[in-house]
Amino acid sequence: MNQFLNNFSSTIDYYKLLYKLSSNISNLKLSYIIVFIFILILSAFFEISLLGFLYFLLKALLDPNYYQGKYYFKIFLDFFDIKSSSELILYLSICFILTCIVAGAIRILFIYLLTKIVYFFGNKISNICYQKILYEDYINLYSKNSNDTLSIFQKMPIINNSVYVTLLMIYNLVNFTFIFVILLFIDIQITLYAILAFTFFYLFIILIFKNRIYTNGSIVSEEQVTNIKILRETFNGFRDILINNYRKFYNNLFKKSYSRLIRGNEENRFLFAAPRPILDTFLLSTVGIIISINFENYSNLEKLIPIFGVIVVASQRILPILNQLYQGHMNNVDATPHTNFIYNFIKGPNLNSNNNKKFKGSIKLKKQILFRNVSFSYNEDGQNEILKDINLNIKCGSRIGIIGKSGSGKSTFADLILGLLSPSKGKILVDGKSILGKENIWYKNVAGVPQNIFITQQSIAENIAFGVNIKKINFKNLKNSAKKAEISKFIEDRKDKYFSLIGEKGLKISAGQRQRLAIARALYKKSKLIVFDEPTSSLDVKSENNILNTIFTLSRQKYTLILISHKISNLKKCDHIYKIDKSRLYKVK
Ligand SMILES: Nc1ncnc2c1ncn2[C@@H]1O[C@H](COP(=O)(O)OP(=O)(O)OP(=O)(O)O)[C@@H](O)[C@H]1O
Ligand SMILES: [Mg+2]
């Protein structure tokens, strides 16, 4: 009994989960729900009318006097002014045909409405998921497994399908109830026996298959993540795969993962479809048995014909309904791991409210940036501080050099001053104002030339004027920035010049060219503060000197510069040089 109750409650759990997921949609259209319920009832009404007309039609056909003395027939006869039994059959047939057409049309309308609702749901939920990624904190985003996150968009179609199927289940449950009631009127015994037999059959199968289907669903959900991981590693690490003869290894990895995924999907497809043929066979045999039992008594059979007619139609309507309820539920069992995954992703810590909030006021770097007792740790509990008690004053217009061993925390320092990371302790003040919570405004003042520059699949112009609509790009500034970053010749030698595409499917550029592009991007932005993180690490000595010369000729009135390098010789033109060592900052010059 306990087992049964557990099974029952876990059955309900999925629908609760789906409800909770959809409650994330703030403006779930009320109009959709009202139309949904209205069409639901209308359709159920036509479904029963269909069965009713058929029953009476067959009765009237077999027994022309059947209608006499029946009050509901009298209304029908009076309404259509029917005088003979052949007229009655004609009118009943017409009503039957019309009801068939209307019931069919309403079914189509209903399915159309379902697809609309699913579209609305899928659109909203996937957008919530993407926003959750896009508006995430810098530090949190990288702490998540990106393969997990990417698999969300493989799981969305499964959840959309599950919503569709669930709505269809509601529709079918209502229809089932209506048809059940009318069948009870026609023949209580047969109806009860048949429905009980069907229902137990399906419940029994659900009990047997459920765990297997859930396990397969979980396997598919896991393998989707593994698949993304394998494909990304193949692209990102192709050089290493080639050089180290790793192709076979990756091929096996992919084969194993994908075959598990497909097997899970296909096994479930079989488990969804298996009960129907068994039931069909069972039903047809039953009709055969009833006929053979009664075959000696022809008049008995004659009486049974209307009932047979209704059984055929009902089984044509009821069996698909029961089957859909079964398949729908099993489909949802299969979708549970995927839905749980997305629900937990959405439910996770709230979006950084600062990212959404429009902060009023401004931060403009005019005098200085002050680090006051700043400590930073990547761990939430503050353990393992990468930077400890940093105190530093950066005057506007100055050039500051930062040096330190690899892994000492130079890039972390850069991210702190850019506002990408927030101090665990202490404050960063810009002209006396803390940037904490106002990062979005602070970003307008700063540009960073990172160690690995990010390039989008757009034109060179759009990659330099990053985030600016191509129509609004200031080409004078663009060309000037490219020239200063010593990349203008390379660009102007291309056929399409600034409109040449780079990145995937476009021009491939060297690491040094990438760095120069990053510098051009920082210069185009005309930010007050530019942080260069190893800006010349990919360049030869001559180019390195050229770029450094360019950097140091930037106007002191316009730019405050922070240069990070592991080579102190690169920093000799800086006003001050600081060294990061064992989490502390020491002044070297
Ligand atoms: N996202 C992160 N989560 C946790 N730890 C991190 C993260 N990024 C960096 N670290 C750790 O912080 C330390 C400092 O890293 P950082 O990138 O700032 O060093 P760096 O001085 O710039 O090194 P390099 O000269 O090699 O670029 C390293 O020990 C690194 O392991
Ligand atoms: Mg670094």
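Let's start with ligand 1: 13 residues surround it, and the closest are Y378, S406, K410, S411 and T412. Here a residue counts as near if its C-beta atom, placed from the backbone, lies within 6 Å of the molecule. Before going on, please keep in mind that this is a predicted model, where local features need pLDDT of at least 70, side-chain atom pairs count only at pLDDT 80 or more, and totals for chains, interfaces and linings use all residues. Residues are numbered from 1 along each chain as its sequence is written, while chains are lettered from A and ligands numbered from 1 in the order in which they are written.

So, what classes of residue make up the shell around ligand 1? There are three nonpolar, nine polar and one charged. For those classes, Ala, Val, Leu, Ile, Met, Phe, Trp, Tyr, Cys and Pro are nonpolar, Asp, Glu, Lys and Arg are charged, and the others, Gly among them, are polar. Helix α13, residues 410–418, gives the most to this shell, with three residues. Helices (H or I, at least four residues) and strands (E, at least two) are DSSP runs, numbered from the N terminus.

Now follow α13 to its sheet. The helix lies across β1 (368–377), β2 and β4, running at about 125 degrees to β1. That angle is between N-to-C directions, on a scale from 0 to 180 degrees, with axes fitted to C-alpha atoms, for helices over the stretch in contact. The open sheet has four strands in the order β2-β1-β4-β5, paired antiparallel. Which strands stand at the edges? They are β2 (385–395) and β5 (433–434), each with a single partner strand, so one side of each has no neighbour in the sheet. Strands pair if DSSP finds at least two bridges between them, and β4 (425–430) joins β5 over two bridges. L429 has S434 in β5 as its bridge partner.

Next, the largest nonpolar core, which has 62 residues. Such a core is a set of buried Ala, Val, Leu, Ile, Met, Phe, Trp, Tyr and Cys residues joined through C-beta atoms within 7 Å. Buried means 20 or more other C-beta atoms within 10 Å of a residue's own, exposed means 12 or fewer, and partly exposed is in between, with C-beta atoms placed from the backbone. I417 and I562 are among the residues with the most contacts inside this core.

Conventions: Contact = placed C-beta atoms within 7 Å.
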